[in-house]
Amino acid sequence: FNKNFICIKVDMEKEGREMNKKLKVQNYPTHIFFEPTNIVMIHRVAGKKDLTELLEAAHDALDTTKQLRTFEQKYYNKTANTQEILTYFRMLEKAGLDNQVPISTYLGSLPDPKLLDYDNWRIMYDLFKDVEMPAFQKVMLNRSAYKEKYTADSIDNKIISLYNSALMTRIQKLDTLGYKNMIEKLGKSGLDLSEKIIAFAELNKSKLRSDWKRYQIEAVPFVEKYCKDDYRRLNEIAYNFYERVYDKAMLAKALEWSKEAVKIQNTIRNNYTLACLHYKLGNRNEAETACKLTIEMAKQAGVDQKQPLLLLDKIYEIKAEEKNPAEKN
């Protein structure tokens, strides 16, 4: 860093407050790389980074093909292809900068057939987060087309997630009136998912308030009524039970939800939750099997295996203690 940059550390909540009116830093730390002559930002990453990630960001800042500024210029000069636009929006998110306005503007500018292109679908599905942005209406108008090309499950999940995010934001901001107004508007919308979205919001309201006793009570009828084919909600609620619930009868219910989620969609996340619940219930062999499968799937996908590896170590440790109790004493 000293060889390639002049390194300066500024507290944006103290001496950097005036500077931050322009830089808009909200995530700490944020690393911003400037051009040496005109003090123009060329690259930016937000959030805590380990050594490898920090060095990667520094190398990207020195490479004009990987700088945030390069993708920004291509986007606004209208020379970027769809893959580059997707990359630019992802880079904005990693930089801790707002990407919802440009994403909404971009999606809103597309003709309907182009909206369904794979990279544009990824922009909408992975990155678009604001139900109140104008592009949301366009997404809803194309819901049937999305279902036909990318499955009903995927687009319905996106709609549920968008509404849930908006409703939970109001709860976090103590905007009770805004929450009630959105619920009322949703109830009158005629949307076939509205009842499920409202019930899910009420369930998550208990979660946000850390009212886990109420969460347990509400989760059971919610799952029974709305989650027959919804592996995402099954897995999410089952994992919440693993983290916060200690009643064995309730954990047994969560285990069945987790098994059903795996049955519907055999994913890394679903198998990890299954391993966790078996572990908490004392089913060592089943936990080990599910954990090993999770690790193998993660290896094949090239994703981080830290969590299941840590869980597997715990399982081995307990099994060793059970096998040789005298050694523990």
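Colleague: Is Cys276 buried or exposed?
Modeller: This is a predicted model, where local features need pLDDT of at least 70, side-chain atom pairs count only at pLDDT 80 or more, and totals for chains, interfaces and linings use all residues. Residues are numbered from 1 along each chain as its sequence is written, and side-chain values use heavy atoms, with hydrogens and water left out. Buried means under 20% relative accessible area, exposed over 50%, partly exposed in between (1.4 Å probe, protein chains only). Cys276 has 0% relative accessibility, so Cys276 is buried.

Colleague: How many disulfides are there?
Modeller: A disulfide is a pair of cysteine sulfur atoms within 2.5 Å. The sulfur of Cys227 is too far for a bond, because the closest cysteine sulfur, in Cys276, is 19 Å away. Cys276 is in no disulfide either, with the nearest cysteine sulfur, that of Cys291, 7.3 Å away. The count is 0.

Colleague: Which residues of H18 are buried?
Modeller: Helices (H or I, at least four residues) and strands (E, at least two) are DSSP runs, numbered from the N terminus. Helix H18 spans residues 306-323. Its buried residues are Pro308, Leu311, Leu312, Ile315 and Ile318.

Colleague: Where does Asp50 lie?
Modeller: Asp50 is partly exposed, with a relative accessible area of 43%. Strand S2 (41-46) is on one side and helix H2 (51-62) on the other, and Asp50 lies in the loop between S2 and H2.

Note on methods
The expected span of a helix is 1.5 Å times one less than its number of residues.
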